[in-house]
Amino acid sequence: MAAFLDIAKSFPGLVRDGFRSMPLGRTLWLVVLLKLFVMFAILRAFFFPNFLNTNFDTDREKSAYVGSELVERGR
């Protein structure tokens with residue numbers, strides 16, 4: 001457990017030093033951030049539409065639908 005804590009404490013320094021000293025490190029971080037943006041901003045809009053807001057008007061209708069789905073799928 002102590003070895004894990006030592007690694008966890010040194011991780012921010014490793015990231016900071018790698019970002020500053022290696023041009024490849026900057027490129028890799030740019031790729032990681034770009035992929036995260038694509039996953040959360042673009043794919044979410046196309047593959048995970050807001051079903052409840054488009055099909056129901058009130059919170060009561062939404063909660064009734066979710067409750068019935070939970071009961072029916074639990075069987």
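Author: The secondary structure comes to four helices and zero strands; helices (H or I, at least four residues) and strands (E, at least two) are DSSP runs, numbered from the N terminus. The order from the N terminus is α-α-α-α. The radius of gyration, taken over C-alpha atoms, is 22 Å, well over the 11 Å of the globule rule for 75 residues, so the protein is more spread out than a compact globule. That rule is 2.2 Å times the number of residues to the power 0.38.

This is a predicted model, in which local features need pLDDT of at least 70, side-chain atom pairs count only at pLDDT 80 or more, and totals for chains, interfaces and linings use all residues. Residues are numbered from 1 along each chain as its sequence is written, and side-chain values use heavy atoms, with hydrogens and water left out.

Now helix H2. H2 covers residues 23-47. Its 25 residues should span 36 Å at 1.5 Å a residue, the expected span being 1.5 Å times one less than the number of residues. The end C-alpha atoms lie 35 Å apart, which agrees. H2 does bend, by about 30° at Val 38. The bend is the angle between axes fitted to the seven residues ending there and the seven starting there.

How far does confidence go? pLDDT is the predictor's confidence in each residue, from 0 to 100. The mean is 83, and 92% of residues reach 70 or more. Helix H1 (residues 2-21) is lowest, at a mean of 72. Helix H4 (residues 59-73) is highest, at 93.
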